Amino acid sequence: MVLIISASKKRAQVINDIFYYMGVISCAVTPKEALSEISGLYRAVLLLEPTELPDPEEYVTKLRSYASSVPIFAISEKASVPMCIFDASFNDSIYSSTLIEEIVRYQNERGLPLTAHYRLAGIDASCNSERVSVFDTSLNFTKTETMILRYLIASYPAPQNAGRIVKYAYKPSKRPEISSIRTHISVMNRKFREITGRNLFVGLEKEGYVVSTPEILKKYMATV
């Protein structure tokens, strides 16, 4: 997951939409919203035009105090802010695909969780894969189903309710009714069950959905 921060929510949303089409789970927020949104679930933070902040250095320090292990990157037209406060900085003319590649390279070199890589328990829903698969067998998931799976892999092992799935797995302009998530989960479970003989997700009352790994089944065996 990538947290996209900008003083202009509209500008952040443009990047968020681009990432969505690339298959990357992300969230667009203002600087104020980011302070309550950021968490260890995020794999990267992308701060757009940090010069628009009153005190960029103080703001970045505050962000790091909430999630110290999450790298923070800057995108700016001109580097008038001390770029040493960021893990890396990029010119705003960079291609989105190149930006993701550079972020992944940074993360890989430091052994951090990789943005755009969504793998768990034999399941591969990574953005660079031609298809979603489990142990190299295609699952034939739709774009929507794939984004739901990516979000639940990214947030594993924490269960996620339908409201959060709608918030993070869909574009804001395309968000459906929360009740539709149950249908998507049911269809995905059926497709997965036809191949593996078991469900892809476990539904936990009052908590939400989580990928059905052996560890999860053991932990929740008495309640599922």
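Helices here are DSSP runs of H or I with at least four residues, and strands are runs of E with at least two, numbered from the N terminus. The model is predicted. Under this scheme Ala154 belongs to helix 5. The chain as a whole contains eight helices and eleven strands.

The radius of gyration is 18 Å, close to the 17 Å that the globule rule gives for 224 residues, so the chain is as compact as a globular protein of that length. Along the principal axes, the C-alpha atoms fill a box of roughly 55 × 35 × 30 Å. Of the 224 residues, 49% are buried. The accessible surface comes to about 11300 Å². Carbon and sulfur atoms account for 51% of that surface. Contacts were also sorted by separation in sequence. Among those between residues at least 6 apart, 59% join residues at least 24 apart.

Pockets were examined next. The largest pocket holds about 220 Å³ of space. Its lining consists of 13 residues. Nearest the centre of this pocket lie Asn161, Ala162, Arg182, Gly208 and Tyr209. Three elements each supply at least two residues of the lining: helix 7 (180-196), strand 10 (201-204) and strand 11 (208-211). By class, the lining of the largest pocket comprises five nonpolar, four polar and four charged residues.

The second largest pocket has a volume of about 170 Å³. It is lined by 14 residues, and those closest to its centre are Gly40, Leu41, Tyr42, Arg43 and Pro113. Strand 6 (119-120) and helix 5 (143-154) each give at least two residues to the lining of this second pocket. Ten residues of that lining are nonpolar, two are polar and two are charged.

One cavity of 30 Å³ or more is found in the whole structure. The largest cavity contains about 50 Å³ of space. Its lining is formed by Asn16, Tyr20, Val24, Ile25, Ser26, Met147, Lys167, Tyr168, Tyr170 and Lys171. Helix 1 (9-22) and helix 6 (162-169) are the elements that give two or more residues to this lining. The cavity lining divides into six nonpolar, two polar and two charged residues.

The relative accessibility of Ala154 is 8%. The cut-off for burial is under 20%, so Ala154 counts as buried. Beyond its neighbours within four places in sequence, Ala154 is in contact with Met1, Leu41, Arg43 and Tyr118. Two of these partners, Leu41 and Arg43, are also among the residues closest to the centre of the second largest pocket. Helix 5, which holds Ala154, is one of the elements that supply at least two residues to the lining of that pocket. Ala154 and Arg164 are ten residues apart in sequence. Their C-alpha atoms are 13 Å apart in space.

Phe86 lies in the loop between strand 4 (72-76) and strand 5 (88-91). Despite this loop position, Phe86 is buried, with a relative accessible area of 6%. Along the chain, Phe86 and Ile38 are 48 residues apart. A distance of 16 Å separates their C-alpha atoms.

Backbone geometry gives three further sites. Tyr156 and Pro157 are joined by a cis peptide bond. The omega angle of this bond is about 10 degrees. Pro157 sits in the loop between helix 5 and helix 6.

Positive phi values occur at Phe135 and at Asp136, neither of which is glycine. Phi is near 50 degrees for Phe135 and near 70 degrees for Asp136. Phe135 is placed in the loop between strand 8 (133-134) and strand 9 (137-138). Asp136 is likewise in the loop between strand 8 and strand 9. Exposure requires a relative accessible area over 50%. Phe135 has 61% relative accessibility, so it counts as exposed. Asp136, at 66% relative accessibility, also counts as exposed.

Technical notes. Residues numbered from 1 in each chain as written. Predicted model: local features only at pLDDT ≥ 70, side-chain atom pairs only at ≥ 80, totals over all residues. Heavy atoms only, no water. 1 Å grid on protein atoms, 1.4 Å probe; cavity = no way out; pocket = protein on both sides within 12 Å on 5 of 7 lines; lining within 4 Å. Points joined across faces, edges and corners; volume = space filled by probe spheres on them. Nonpolar A, V, L, I, M, F, W, Y, C, P; charged D, E, K, R; others polar. Rg over C-alpha atoms; globule rule 2.2 N^0.38 Å. Buried < 20%, exposed > 50% of the residue type's maximum accessible area, 1.4 Å probe, protein only. Contact = heavy atoms within 4.5 Å. Areas by Shrake-Rupley, 256 points an atom, 1.4 Å probe, with all protein chains shown as cover.
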